Amino acid sequence: MPSKHNKKEPELNRRQFLLGTAATCGLAAAAGVWGYIFYSKEPVRRQDTKIYTFKDYRTDDVKTYPQLAVARGKDAGKMVRAAIDRIGGMGRFIKPGDRVLLKPNVAWDRQPEQAANTNPLVVGAVVKLCLEAKAAFVWVTDVPVNDPYRSFARSGIEEAVKKAGGAIKFTAENNFVTTDLKGEALKIWPVSMFYHQVDKVINMPLVKHHSLSKCTMAMKNLYGVLGGQRNRLHQEINTSIADLAAAIRPTLTVMDATRVLKRNGPTGGNLADVSAENTVIAGVDQVAIETYSLRFLDLKAEEVPYILMAEKRGIGISDLKSLNIAEMDV
Amino acid sequence: MKKNILTLRNIRRVYAVFFLVLFIILVGLTSFKGLKGYEVPLFLELDPLVAVASFLTSWTIYKGLALSLIIIIATLFFGRFFCSWVCPMGIINQAVSSFFNKMRPVDAFKMNSYRPVYRLKYYILAALLVLSIFGPLQIGLFGPIAFITRSFAVSVFPAFNYWHGGLYLKQPLFHGGMLLSLLFIAALFANRFLNRFWCRIICPSGALLGLLSFKPFLRIRRDVEKCTDCQKCLQHCHGGCDPHTALRVSECHLCMNCIEDCPEGAVHYGLRDIASSVHAPVDVNRRRLIETAVAGAVIFPMMRSVITSKTSPRYNVIRPPGSTSEGDFLRRCIKCGECMKVCPTNVIQPALFEAGFEGLWTPILLNKIGYCEYNCVLCSRVCPTGAILPLTIEKKLGKPPAQKPLKIGIAFYDRGRCLPWAMNTDCIVCEEVCPTSPKAIWFQTVEMQLRDGTTKIFKRPYIDPNLCIGCGICENKCPVHDQPAIRVTSIGETRSLTNQMILKS
């Protein structure tokens, strides 16, 4: 009895045979080519990521102006304007069409009165001056320790910046690019890419106590440039701060000492730890600015190792007597 | 002839789209970025099952849950309209069903006529309600609004962010999130085999609404004299409620499709006509129902005689600030995931079995992922059932008029891993980030002779258990980050009278 499954294969003609053979040979050849192209002694294919370096954001040094301008008063906007005007005005630092980035300290979800973040009025005033100097845009950024949305909102900086015409740039996960800091302790780190997309950077720290480094001001504020596991920096905190200061040379530093956090820094939280010093300091030399500001925390430069390390690396001068400091009341 | 577009079906469609969009917007806005505040979980409050079951566990109808009375009362008059007019789970299931039906030929009569398996949802409801009477609230497992809110918070929004970005700064991660995603996809894919699979077979809210609509005044009614038995009314039926014979009122979603599909104009929604057909009652086998209830009652003592976070506190069951004591918490939490959606640091995570079986998908804090933001009380504001009671900043932080800050746990040093303790290295990141004032972490400066004979001066951290609030930022920021050298455990939490260690504080 013949099989029930008796459907027969159709006959093959010459054309079908040749086409089929050609197709099979083609596939076999493709397999060979595939193996040839992708043969590798490495188990995983790695792509070379671009490694950035920081540009020098400084403008040419003009000797005719004082190195530091210290303004005291009640009105933050007036103090900022007076201090910057005294060292040549914003026009000395920002040329028309410049892309400007401000780096205030917005590390914490705290209110302005608690002096854990830069005073929003000072930030707003600097944004306004940059726009008056015809900056193409003014971005304000930081990589906070607390939740970024909360930190910018609670610090009042988001509102102040928007009102002044600037833009807040939140650093999302994919906004970090690898950058070589070429330091002793800090080599390759993820850095907020906004620093590579601007021409000028203005550092806008405030004066705070810090248990490990004794104080956190301009150079320590540059921690907020980094992403990744920056909590490791504490193990060599002085070298790390000096490395950062050497890698990033801001165009201008505007120090907010309107409110100073004297104890329990850098987070604060208790108004009893905050002292109203009503001062704004502007200058290019971060070491000089920090040395001057140490008086608010009753410290001396000799007690703060990273300031001396930074001076040794030629970042600035800590001997205030050799500097031309313009002080004014507004 | 001009076609009337103001049909009941079109009105229902407008409502469905409106409520679905509203649902997505409300879940989307449940974040600090959304409104710089918080958003009320309206849909969870509308679900009568949440109100009824949480009433059975705790004898209160908590705040917004009273809104569900609108649905309950309206259902008594109008029937089970919630399922196809309001419920986002039902509307999404319907959309998916329609999509699958367009993709392949469907025998609508077979697909949409009533099947005995639809009874299952009543048994699920009975089991869940009996369990509720005895304590653990498990409606969150199958409650449609809790299910879909959780799925959106834990799966859909993060997935959207992964492809498109813009919703979060950091891609949110969830403990066992894969399981939740798969369940959501499975619930939707089940529509491939049976229209409205979830709604017809599983949904306990639908069952409850079905029971409530046992005799509404207004129903779908079929004129037996006009009807030619063509069965076209089954073509697009949502509920599978047999409009072509004796309509099963409890299964009818009032989708109004049969009215539009009837070529004879024999179907209408309203009061009884002279020639209206009879209706069939709820198809529930009384014996089965009692069996189910008894089974629920038998499971109860078994569930009591196990170790859970209630019988003995678990070190890793750290609840969001404002949570009620563990027993009350499990009595109220419906696992909806609103707190997980709103948390700015992603620290609130769905538990697997950390809190025992009954604590599945309840919120716990995993400090490796985030930490409790000091000035934040958002999770307490969005909780629909009061498992997390609403907090103010003052109450959380112990500012006047509150007396003491709220603790969710206490941090402990693992000196064998802590860099200054184990390796004589400077660190104290934990001290830097500690948010209390004065800081709960303090330090001593020590001088140590190292292996190579040199001396080193550095700082060693200590914890002050009276000041620590258990926020976990120290654990989160610890550089020894695979197993942090400082870890928060639940002991000392304000919500518990028994999970304490310090005699005097």
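Domain bounds here come from an automatic or database domain assignment. For chain B that assignment gives domain 1 (8-280), domain 2 (326-397) and domain 3 (410-489). The C-alpha centres of domain 1 of chain B and domain 2 of chain B are 27 Å apart.

This is a predicted model, in which local features need pLDDT of at least 70, side-chain atom pairs count only at pLDDT 80 or more, and totals for chains, interfaces and linings use all residues. Residues are numbered from 1 along each chain as its sequence is written, while chains are lettered from A and ligands numbered from 1 in the order in which they are written.

**Contacts between domains and chains**

Two residues are in contact if their C-beta atoms, placed from the backbone, lie within 7 Å. By this criterion, 35 residues of domain 1 of chain B touch 27 residues of domain 2 of chain B. On the domain 1 side, the elements giving two or more residues are helix 3 (42-46), helix 4 (48-58), helix 10 (139-142) and helix 11 (144-164) of chain B. Helices (H or I, at least four residues) and strands (E, at least two) are DSSP runs, numbered from the N terminus. Helix 11 of chain B gives the most to this side, with five residues. By class, this side of domain 1 has 18 nonpolar, 13 polar and four charged residues. Ala, Val, Leu, Ile, Met, Phe, Trp, Tyr, Cys and Pro count as nonpolar, Asp, Glu, Lys and Arg as charged, and the others, Gly among them, as polar.

The contact between the chains takes 27 residues from chain A and 31 residues from chain B. Helix 4 (residues 148-154) of chain A supplies the largest share of the chain A side, five residues. That side divides into nine nonpolar, 11 polar and seven charged residues.

Leaving aside neighbours within four places in sequence, B:Asp426 is in contact with A:Leu212, A:His234, A:Gln235, A:Ile237, B:Pro420, B:Phe458 and B:Lys459.

**Helix 4 of chain B**

A residue is buried if 20 or more other C-beta atoms lie within 10 Å of its own, exposed if 12 or fewer, and partly exposed in between, with C-beta atoms placed from the backbone. Eight of the 11 residues of helix 4 of chain B are buried, so this helix is largely enclosed by the rest of the structure. The buried residues are B:Pro48, B:Leu49, B:Val50, B:Ala51, B:Val52, B:Ala53, B:Ser54 and B:Thr57. Their cover includes helix 3, helix 5 (68-78), helix 9 (120-133), helix 10, helix 14 (204-212) and helix 17 (326-332) of chain B.

**Backbone geometry**

Most residues other than glycine have a negative phi, and most peptide bonds are trans.

| Cis peptide bond | Omega |
|---|---|
| A:Gly265 and A:Pro266 | about -5° |
| B:Ser437 and B:Pro438 | about -5° |

A:Pro266 is in the loop between strand 10 (252-261) and strand 11 (274-283) of chain A, and B:Pro438 lies between helix 22 (429-433) and strand 8 (441-449) of chain B.

B:Arg196, not a glycine, has a positive phi of about 50°; B:Arg196 is buried, with 26 other C-beta atoms within 10 Å. B:Gln231 also has a positive phi, near 65°, but is partly exposed, with 17 other C-beta atoms within 10 Å. B:Trp59, which follows helix 4 of chain B, has a positive phi near 55°.
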